[in-house]
Amino acid sequence: MSNLSSLHIIYASTSGHTEYVVDTVEQYMKEHVPTLSFERQRAEQATAEDLLRGDVVILGSGTWNTGGIEGQLNMYMHDLVHQKASTVDFMKKPMTCISLGDDRYYFRTRCTEHLLRYIREHNGMLFVPPLIIVNEPYGQEERVQRWAQKLAEKMLEETLPKT
Ligand SMILES: Cc1cc2nc3c(=O)[nH]c(=O)nc-3n(C[C@H](O)[C@H](O)[C@H](O)COP(=O)(O)O)c2cc1C
């Protein structure tokens, strides 16, 4: 697959952790792959149509106790995928997700499964494995950058120099 030149990340973040990971991906892309068009949007501002923008779409969320039960999506991502965009057909769009959680919780990073199921059930194509961040992202920047590098390489079908 080639000619994947635009990336759209839609994310929800309550305490800023997912946002920090998205910041890190954005910084990597802008520094190392300036030809790639990068767009980011908060889930609370996104519509169903927005989910279809970009050659590759990434959904980002932490794991929360939305609805009173642990192991759920962030409430804004939950609203987007289960309400606003519950009938979207991705028509094999290349997609993946960024998911966060904390090892103090039994349903650790369970939002990954919710996002993967959403992508699968709505006819998206998993493009690269999800980026799963356990605990605070601060200090985990290298992992995020390596993942961003693999993503960019697959989009461009070329090997990028090591960071
Ligand atoms: C009320 C609450 C419930 C949470 N539930 C879970 C959970 O079930 N599983 C998990 O892995 N992390 C859980 N977390 C941890 C968050 O997912 C983690 O802190 C994440 O990095 C938050 O991302 P955000 O700041 O982008 O929203 C919970 C945190 C809070 C405050």
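Predicted model: local features only at pLDDT ≥ 70, side-chain atom pairs only at ≥ 80, totals over all residues.

Visitor: How many residues surround the ligand?

Guide: A residue counts if one of its heavy atoms lies within 4 Å of the molecule. Here 19 residues surround the ligand, and the closest are Ser13, Ser15, His17, Thr18 and Thr63. The shell holds four nonpolar, twelve polar and three charged residues, with Gly counted as polar.

Visitor: Which atoms of Ser15, Phe107 and Thr109 lie by the ligand?

Guide: A polar contact is a pair of N or O atoms within 3.5 Å. A polar side-chain atom of Ser15 lies 2.5 Å from a ligand oxygen. Phe107 places a backbone N or O atom 3.0 Å from a ligand nitrogen. For Thr109, a backbone N or O atom is 2.7 Å from a ligand oxygen. The protein covers 88% of the 650 Å² of accessible area (Shrake-Rupley, 1.4 Å probe) that the ligand has on its own.

Visitor: Where do Asn123 and Asn135 sit, and what is their phi?

Guide: Neither is a glycine, yet phi is positive: about 70° at Asn123 and about 75° at Asn135. Asn123 is in the loop between helix H3 (111–121) and strand E6 (125–126). Asn135 is in the loop between strand E7 (131–134) and helix H4 (141–156). Helices (H or I, at least four residues) and strands (E, at least two) are DSSP runs, numbered from the N terminus.

Key. Residues numbered from 1 in each chain as written. Heavy atoms only, no water. Polar contact = N/O pair within 3.5 Å; in protein donor to acceptor, adjacent residues only side chain to side chain.
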